[in-house]
Amino acid sequence: MARKRENGPGGLLVVDKPAGFTSHDVVAKLRGMARTRRVGHAGTLDPMATGVLVIGTEKATRLLGHLALTDKQYVASVRLGQDTVTEDAESEFTATAGAAGLTREAVDAGVGKLTGELMQVPSKVSAVKVDGKRAYARVREGEEVELAARPVTVSSFQVLEMREDTAEDGTPVTDLLVSVVCSSGTYVRALARDLGAGLGTGGHLTALRRTRVGPYGLDGARTLDELQEHVDKEAPLPLLPLGEAAAAAFPRWDVDEEQARLIGNGAQLRMPAAHGEGSGPVAVFGPGDRFVALVSEAKGRAKSLAVFV
């Protein structure tokens with residue numbers, strides 16, 4: 001009989017998601033490995049995408065919604081010259097304008113227009129709801145979907161490589177390898193679509209790899225196979241403890257024992273000026289490096305987002 005694992009307070013795992021898995025597939029795998037139902041993820045990755053997926057177990061699941069709001073970094077492959085239904089390589093073409101003679105100067109100019117604060121129309125195969133139903137579900141059923149533009153920030157959009165090629169149907173195309181740093185809610189496939197539209201060539205995403213979510217990058221990520229090895233050896237999963245996870249992702253506020261007790265009980269203490277309006281979630285630590293709560297500023301006082309003591 002398998003030895004029962006003591007789950008404890010839980011923590012974070014940075015998983016290198018493989019292609020072909022949904023984010024929910026990874027959560028399901030980790031529920032089995034960690035032997036707990038309390039598993040979640042911070043920020044969905046499409047099945048075709050690979051890379052950083054931040055997983056939380058037990059109490060750490062209460063951090064995930066706040067971690068999902070941090071910035072993200074991607075490396076992506078974009079094909080200019082063809083449009084597709086799903087704005088990626090996993091569906092049929094809707095147009096094949098081609099991209100013969102496209103210059104690097106024109107591409108860089110197009111990328112520049114898609115950098116900074118933008119109003120972006122989400123991908124039609126996103127999880128955005130339209131009249132209570134996910135957009136991707138409507139598209140798969142053959143419906144035409146119109147989504148409203150929303151504000152996003154693309155901090156960096158750089159072309160790393162550019163080469164001409166010919167698609168299987170003979171269309172002259174241009175393939176790009178790009179790096180993107182963006183805010184939560186930004187769709188990289190929509191950047192590929194809009195870049196192609198701006199250049200008059202059409203465009204779609206052919207590969208996507210997330211390399212960072214907030215402070216968590218591929219250098220600290222484990223594959224599902226590596227995590228399974230821990231389970232097979234009946235070794236604890238390499239969880240990042242709650243306190244370390246919070247300290248890495250959020251500004252820190254150290255308080256004394258009495259303040260820690262009050263915040264743990266929901267008291268709204270006055271916050272230091274350094275953590276004033278607009279600073280976002282703040283991790284509160286008591287004596288002994290004890291993680292107490294995640295709070296935000298509200299009229300100069302600490303409003304509890306999640307308490308961990």
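Colleague: Let's start with Phe308, buried or exposed?
Modeller: Phe308 is buried, with a relative accessible area of 8%. Keep in mind that this is a predicted model.

Colleague: Why does the pair of Phe291 and Phe308 tie together parts that are apart in sequence?
Modeller: Because Phe291 lies in strand 17 (residues 290–298), while Phe308 is in the segment after strand 18 (301–307), the pair ties together parts 17 residues apart in sequence. Ring pairs also link Phe285, Phe291 and Phe308 into a cluster.

Colleague: Nice. What about Phe285, buried or exposed?
Modeller: Buried, with a relative accessible area of 1% for Phe285. Phe291 is buried too, at 8%. Over the face of Phe285 lies Arg252, 4.0 Å from the ring centre.

Colleague: Changing topic: which residues touch the most other members of the largest nonpolar core?
Modeller: Leu80, Phe157, Leu176 and Val178 do, in a core of 26 residues. Several elements each supply at least two residues of this core, including strand 4 (72–80), helix 3 (104–113) and strand 10 (150–166).

Colleague: And what does Leu176 touch?
Modeller: Leaving out residues up to four places away in sequence, its contacts include Ala76, Val78, Leu80, Val107, Met162 and Leu195.

Colleague: One more: which residues are buried in helix 7?
Modeller: In helix 7 (residues 242–249), the buried ones are Leu242, Gly243, Ala245, Ala246 and Ala249.

Colleague: Why are they on the same side of helix 7?
Modeller: They cover an arc of only 165 degrees around the axis, so they end up on the same side of helix 7.

Colleague: And what covers the buried residues of helix 7?
Modeller: The cover includes strand 1 (11–17), helix 2 (61–67), strand 13 (216–217), strand 14 (240–241), strand 16 (282–286) and strand 17. Strand 17 is also where Phe291 lies.

Technical notes. Residues are numbered from 1 along each chain as its sequence is written. This is a predicted model: local features need pLDDT of at least 70, side-chain atom pairs count only at pLDDT 80 or more; totals for chains, interfaces and linings use all residues. Side-chain values use heavy atoms; hydrogens and water are left out. Buried means under 20% relative accessible area, exposed over 50%, partly exposed in between (1.4 Å probe, protein chains only). Helices (H or I, at least four residues) and strands (E, at least two) are DSSP runs, numbered from the N terminus. Rings of Phe, Tyr and Trp (its six-membered ring) pair if their centres lie within 6.5 Å; planes under 30 degrees apart count as stacked, over 60 as edge-to-face and the rest as tilted. A charge sits over a ring if NZ of Lys or CZ of Arg is within 6 Å of the ring centre and within 35 degrees of the ring normal. A nonpolar core is a set of buried Ala, Val, Leu, Ile, Met, Phe, Trp, Tyr and Cys residues joined through side-chain atoms within 4.5 Å. Contact means heavy atoms within 4.5 Å. The arc is that of the directions from the helix axis to the C-beta atoms.
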